[in-house]
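Please look over the sequence and the structure shown here before reading on. The notes that follow take up a few topics in turn, beginning with a question.

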Amino acid sequence: MTPSEIPTLTVARVRQGLAEREFSAVELAQEALRFAQAENPKTNAYLHFCPERALASARRVDEKLARGEDAGALAGVPIAVKDVILTEGVRTTCGSKLLANYIAPYDATAIMRLEAAGGVILGKTNCDEFAMGSSTENSAFGPVRNPVAPDRVPGGSSGGSGAVTAQGTAVVALGSDTGGSIRQPASFCGVVGVTPTYGRVSRYGLTAFASSLDHIGPFARNVHDAALLLQVIAGRDPADATSAFAPVPAYTAALDGQVRGVRIGLPREYFQGLASETADLIMAGVETLRGLGCEVREISLPHTEYAIGCYYIICTAEASSNLARYDGVRYTSRSQQSATLGDMYRNTRGEGFGAECKRRIMLGTYVLSAGYYDAYYLKAQKVRTLIARDFSRAFEEVDAIVTPVSPFPAFKLGEKLDDPLEMYLSDIYTITGDLAGIPCMSVPCGRTAAGLPVGMQILASHFNEAGMFRLAAAFEGAGGAARLA
Ligand code: GLN
């Protein structure tokens with residue numbers, strides 16, 4: 001392995017290099033850390049590194065290999081983790097000034113599983129504060145630059161994880177998705193991003209934003225690596241009562257190219273009036289799928305127009321409740337200038353939270369307040385059921401649904417900062433999957449004339465990640481939308 005190979009490593013290449021004794025896990029970890037630390041100023045994608053932890057993991061892998069044992073599915077693989085996921089003994093800031101010095105006291109289940117499978121965690125990635133945002137500009141630690149176009153955002157809220165995967169400063173990464181925060185940055189950065197079925201991956205140790213919508217999921221440079229990463233972290237966890245009992249199939253075994261006859265639905269509501277380079281690329285991608293033998297038909301998801309309103313009521317309601325714990329008594333830094341306990345709460349929160357968190361706390365408190373609860377929160381929950389039902393009906397007719405991930409590619413830093421509503425509207429295609437709790441992913445689908453990546457979204461029915469990966473891998477293998485005339 002030469003240093004120049006670091007940014008393009010795949011899980012398979014790491015496995016081969018270790019098996020052939022071309023390099024040790026420790027050597028790889030050292031080289032990967034050196035590269036990531038040198039490259040990071042270009043994007044600000046990592047907030048901090050954890051070299052001691054990385055080297056300790058790598059040493060364990062080398063020891064196992066020396067004893068001739070199986071070192072795990074992710075042995076030696078350099079991994080980055082969004083800074084909303086707890087890592088024992090390592091700073092976990094959630095992109096917030098409030099938690100700037102917070103050291104997590106335990107590991108998230110996903111982290112334990114990654115390391116048990118031989119994964120080497122290099123560091124923690126930048127994100128919108130408490131995962132609220134679509135551009136990573138809401139981080140208290142400065143925005144992330146898109147490695148493909150440094151004057152543009154990487155998407156958000158898992159912008160750091162998207163950026164490191166594209167930049168090559170990690171082989172794979174973990175992000176979190178509540179309304180699109182894995183798929184949208186994956187789309188903007190030109191990598192694969194997966195939001196599994198709700199409950200597929202334990203949320204234990206994921207800092208709560210909107211608990212009924214939060215997911216942990218993988219970023220990778222190819223479908224195989226994303227599928228493998230999900231396989232490692234998925235499955236029932238007694239520490240999360242909402243984690244599912246459903247057995248985890250071997251996702252990588254599903255990548256067999258057998259997609260002939262797969263029925264694909266294009267939701268009318270998502271394509272209406274969509275005339276753009278993004279639309280052209282997605283339609284070229286649909287042609288690729290047709291060329292692979294898929295059957296394409298139009299479907300309807302009639303409640304789509306209510307999705308944004310519904311999502312921003314439910315997520316702000318849950319966020320206002322979840323963020324109540326940051327009160328200056330537990331977890332966070334504390335405002336020093338307060339005469340009374342009430343002042344201490346107010347000042348700590350006033351000084352610590354950024355504008356977007358405050359906006360959501362106010363909106364969420366409002367929709368939950370007596371007198372408004374029925375009109376907003378309860379109504380939104382009913383609409384959520386209708387949206388989920390739209391998908392269940394659609395999956396009686398088709399095996400997968402294909403849409404754009406975002407109406408446009410990566411936008412310029414600062415471009416949408418003054419207009420929160422415009423930022424919210426950009427989530428139109430991704431939030432429905434979260435509301436329905438179904439698996440969905442972004443797979444690269446070519447680039448615009450200006451060279452900006454565009455992602456195609458594939459959605460599948462509950463727990464059918466294997467079918468989704470099969471389609472995505474076949475699409476990737478056929479060159480994605482490379483056939484755009
Ligand atoms: N952009 C959406 C929001 O701001 C989604 C965020 C997320 O998925 N964490 O809420």
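This is a predicted model: local features need pLDDT of at least 70, side-chain atom pairs count only at pLDDT 80 or more; totals for chains, interfaces and linings use all residues.

Does Cys 294 count as buried or exposed? With a relative accessibility of 5%, Cys 294 counts as buried, because buried means under 20% relative accessible area.

**Residues around the ligand**

- The ligand is surrounded by 15 residues, and the closest of them are Ala 131, Gly 179, Ser 181, Tyr 311 and Arg 360.
- Sorted by class, the shell around the ligand is made up of five nonpolar, seven polar and three charged residues.

**Polar contacts and burial of the ligand**

- Ser 181 has a polar side-chain atom that lies 2.6 Å from an oxygen atom of the ligand.
- Arg 360 also takes part through its side chain, where an N or O atom is 2.7 Å from an oxygen atom of the ligand.
- In Gly 180 it is a backbone N or O atom that lies 3.3 Å from an oxygen atom of the ligand.
- The ligand taken alone exposes 300 Å², and the protein buries 99% of that area.
- As for its location, the ligand sits in the largest cavity.

**Cysteines**

- The structure holds zero disulfides.
- Cys 189 is in no disulfide, and the nearest cysteine sulfur to it, which belongs to Cys 127, is 14 Å away, whereas a disulfide needs two cysteine sulfur atoms within 2.5 Å.
- Cys 189 has a relative accessibility of 2%, and therefore Cys 189 counts as buried.
- Cys 294, the residue of the opening question, is likewise in no disulfide, and the nearest cysteine sulfur to it is that of Cys 445, 13 Å away.

Notes:
Residues are numbered from 1 along each chain as its sequence is written. Side-chain values use heavy atoms; hydrogens and water are left out. A residue is near a molecule or strand if one of its heavy atoms lies within 4 Å of it. A polar contact is a pair of N or O atoms within 3.5 Å; within protein, one must be able to donate a hydrogen and the other to accept it, and residues adjacent in sequence count only if both atoms are side-chain atoms. Accessible areas come from the Shrake-Rupley method with a 1.4 Å probe; for residues, only the protein chains shown count as cover. On a 1 Å grid over the protein atoms alone, a cavity is a set of points where a 1.4 Å probe fits but cannot get out, and a pocket is an open set with protein on both sides within 12 Å along at least five of seven lines; lining residues have an atom within 4 Å of a point. A molecule sits in a cavity or pocket if more than half of its atoms lie within 2 Å of its grid points. Ala, Val, Leu, Ile, Met, Phe, Trp, Tyr, Cys and Pro count as nonpolar, Asp, Glu, Lys and Arg as charged, and the others, Gly among them, as polar. Buried means under 20% relative accessible area, exposed over 50%, partly exposed in between (1.4 Å probe, protein chains only).
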